[in-house]
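Have the sequence and the 3D view ready.

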Amino acid sequence: WLGDFGGSYLCEDGIVTHCKYSLDKFQFIGGACVESISDAPFSSEKLWDAWMAIRSRRILESILECIGGSEGDIPERLKARNVKPEAVWECENGLGVTSQQLQKAVKVVEAWACCVDELFQTYDYLVLPSSQVYPFDATLDWPKSVAGKSMDTYHRWMEVMVPVTLLGLPCVTIPAAIGKNGLHNIGLQFFGPKNADAGLLSL
């Protein structure tokens, strides 16, 4: 159980304890042995920066493949088509990503992969909350703050999925136990080493 990654991932009040309570029930009912890792096993900021560089550049390249033209013109062309601001922002960000930044990002991913491989020498699976916030009002485009801190991007509130996404590891998300509000309104990300898909599905 990686919890909030040593405090790196701000979570709405109650989420970490809700998820841990669910894991404890999972342990009691299923006979699993759950161990908590209190410290972050890797720098969350390095993971975030690497994910941002790779993601923004890939989004820009994908859109360029679809509509053609010059990549430098993509943001303005998207604005002319009334594409949502977040997509335009990703492309603008992608334009600023240098080859050196991409190389640095790849090295971070490789280092994180080695760290996770070491963890899997001890643990069968690793677990994180599925989100840093409970379901929010559908009229909001995205949460502007979490635990009292303003979000600097439109997707920082779901940063907790970055450690898994960066490595492309098999992952299943299951509902947490019923919370104090009587709802299954948060989940748990269980992820494992490569080719652990069947084991995860059998949990």
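A word on residue classes comes first: Ala, Val, Leu, Ile, Met, Phe, Trp, Tyr, Cys and Pro count as nonpolar, Asp, Glu, Lys and Arg as charged, and the others, Gly among them, as polar. Please also keep in mind that this is a predicted model.

With those classes in hand, turn to the second largest pocket, whose volume is about 280 Å³. Its lining is made by 13 residues, and Asp49, Ala50, Ala53, Gln101 and Lys104 are the closest to the centre. Two elements, helix H2 (44-67) and helix H5 (99-119), each give two or more residues to this lining. H2 has the largest share, with seven residues. Sorted by class, the lining of the second largest pocket holds seven nonpolar, two polar and four charged residues.

At least two lining residues come from each of helix H1 (15-30) and strand S1 (126-129). The class count for the largest pocket is twelve nonpolar, one polar and two charged residues.

Strand S1 deserves a look of its own. Leu126 and Leu128 point one way from S1, while Val127 and Pro129 point the other way, and all of them are buried. What is the partner of S1, and in which sense do the two pair? The partner is strand S5 (residues 187-191), and the pairing is antiparallel, over four bridges. Within S5, Phe190 stands opposite Val127.

Technical notes:
Residues are numbered from 1 along each chain as its sequence is written. This is a predicted model: local features need pLDDT of at least 70, side-chain atom pairs count only at pLDDT 80 or more; totals for chains, interfaces and linings use all residues. Side-chain values use heavy atoms; hydrogens and water are left out. On a 1 Å grid over the protein atoms alone, a cavity is a set of points where a 1.4 Å probe fits but cannot get out, and a pocket is an open set with protein on both sides within 12 Å along at least five of seven lines; lining residues have an atom within 4 Å of a point. Grid points are joined across faces, edges and corners, and a volume is the space filled by probe spheres set on the points. Buried means under 20% relative accessible area, exposed over 50%, partly exposed in between (1.4 Å probe, protein chains only). Two strands pair if DSSP finds at least two bridges between them.
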